[in-house]
Amino acid sequence: MTMLLFGLFFLFMLMGVPIAFAIGASTLYALYQSGVPLMVVTQQMFQGINSFALVAIPMFILAGDLMAQGKVSERLVSFADSLVGFMRGGLSIVSVMAGMFFAAISGSGAATTAAVGSSLVPELKRKGYDPASAASLIAASGTIGVVIPPSVPMIIYAVIAQQSVSKLFLSGFLPGLAMGLGLMAIAITQAYKRQYPKGTPLSITTILRTFKAASWGLMTPVIILGGIFTGIFTPSEAAVVAVNYALLVSLFIYRDLTLPQVYRLLIRSAMTTAVIMLVIAMSAVLSWTLSSWQVPGAIAQSVLSLSTNPLIIMLLVVAVILLTGVFIETASALIILTPVLLPLVLQLGIDPIHFGLIIVVGLSIGMITPPVAINLYVASSVTQLPLERITRAIVPYMLGLIGVLLLVVYVPIFMGWSGH
């Protein structure tokens with residue numbers, strides 16, 4: 001029956017059926033053929049989304065949309081430019097820094113790419129930067145949006161793996177910083193190789209002025225994460241606080257959003273949330289089915305029979321994560337892979353929080369690997385460049401991010417492995 005389920009799933013995927021319906025239809029048919037009462041489908045769908053932590057998803061999506069639509073991103077870019085713009089190829093570093101700043105607000109890779117790209121691309125073109133390379137760097141920087149907290153994929157993983165959202169958020173800073181530094185190193189190397197110009201001279205006055213202008217946006221992660229880590233509110237409550245703060249800043253302080261625009265953003269965020277929740281509900285049925293058929297345990301035993309070395313096995317796990325991210329978007333891949341791979345890594349003695357970092361960082365790379373490369377599509381839309389040109393230019397940044405993923409897997413500072 002397992003072969004039937006996965007065979008139907010891949011067939012539906014090849015036919016272009018939306019991921020939620022591909023999961024639901026293949027699981028439903030497999031259950032029907034195995035004689036399981038179909039009442040279990042509705043029960044598991046409801047159970048899958050009956051979690052208080054999931055309340056954070058629509059709220060963080062809305063908060064990110066509100067901040068991206070307004071002028072917050074422009075002010076963050078100006079502040080980043082005042083800090084590092086004086087260096088050769090400084091605007092490349094600004095792209096990454098702005099991506100990291102905005103990642104701490106939005107929790108979304110696509111929102112980060114769109115916000116930073118729309119603010120920076122015209123200036124990058126004007127200064128003579130290679131447009132394709134600049135667009136690919138912004139797309140790569142957008143991957144940090146789902147690693148640095150708040151992160152929607154981390155919330156989804158926490159619900160599936162029954163782990164603490166706060167612990168995952170706290171653990172996400174170091175990998176996010178490593179991704180940013182890796183991209184900056186590649187960008188600086190390319191800047192010297194291509195003789196990109198130096199930017200505006202360093203000025204304390206400019207830094208203070210741009211910091212003051214960006215301070216309301218910079219306070220967002222401080223309020224959200226400070227409130228979570230001090231125990232003032234839960235991640236779900238923090239998401240609601242983020243929305244209220246974003247509305248306050250956008251409507252009354254910066255005054256760069258109108259009520260009709262807010263209404264449109266509410267509709268868009270609701271549609272995005274509906275898609276994610278439907279995928280989670282359908283995947284809950286798939287997870288229950290696989291667990292009842294003891295598939296994760298069988299997969300774990302099969303992989304463990306290949307090698308007794310946990311380092312080799314983790315390399316295989318990383319390969320599976322990266323390959324899945326190429327073909328399936330982040331949230332869906334996370335929901336499908338977690339119940340299958342988590343029992344395996346737990347047998348290796350790997351901390352589930354550490355594995356959460358591995359799978360989120362690994363799947364974030366899928367945002368820049370075609371065909372399902374949402375950040376590349378956003379960057380192409382913002383820059384009006386053909387996707388093929390951006391895809392060719394993304395290769396060094398993609399390799400850099402894979403290098404960071406391997407660091408997250410193997411370097412002790414990231415590890416929660418027992419006995420290592």
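In helix H8, the buried residues are Ala-132, Ser-133, Ala-134, Ala-135, Ser-136, Leu-137, Ile-138, Ala-139, Ala-140, Ser-141 and Gly-142. The model is a predicted one. H8 is thus described as mostly covered, with 11 of its 12 residues buried. The cover over these buried residues includes helix H6 (90–106), helix H7 (109–126), helix H10 (165–193), helix H18 (374–383), helix H19 (387–393) and helix H20 (395–410). H8 runs over residues 131–142; at 1.5 Å a residue it should span 16 Å, and because its end C-alpha atoms are 17 Å apart, the two values agree.

The largest nonpolar core has 142 residues. Ile-57, Phe-60, Ile-156, Ile-321, Phe-355 and Ile-359 have the most contacts inside this core. Beyond its neighbours within four places in sequence, Ile-359 is in contact with Tyr-157, Ile-321, Leu-334, Leu-337 and Thr-338.

| Pocket | Volume | Nonpolar | Polar | Charged |
|---|---|---|---|---|
| Second largest pocket | about 640 Å³ | 23 residues | one residue | no residues |

In the second largest pocket, with about 640 Å³ of space, the lining has 24 residues, of which Phe-10, Val-320, Thr-324, Ile-336 and Leu-337 are the closest to the centre. The largest share of the lining of the second largest pocket comes from H15, with seven residues.

Terms used: Residues numbered from 1 in each chain as written. Predicted model: local features only at pLDDT ≥ 70, side-chain atom pairs only at ≥ 80, totals over all residues. Heavy atoms only, no water. Core = buried A, V, L, I, M, F, W, Y, C linked by side-chain atoms within 4.5 Å. Buried < 20%, exposed > 50% of the residue type's maximum accessible area, 1.4 Å probe, protein only. Contact = heavy atoms within 4.5 Å. Helix = DSSP H or I, 4+ residues; strand = E, 2+ residues; numbered from the N terminus. Expected span 1.5 Å × (residues − 1). 1 Å grid on protein atoms, 1.4 Å probe; cavity = no way out; pocket = protein on both sides within 12 Å on 5 of 7 lines; lining within 4 Å. Points joined across faces, edges and corners; volume = space filled by probe spheres on them. Nonpolar A, V, L, I, M, F, W, Y, C, P; charged D, E, K, R; others polar.
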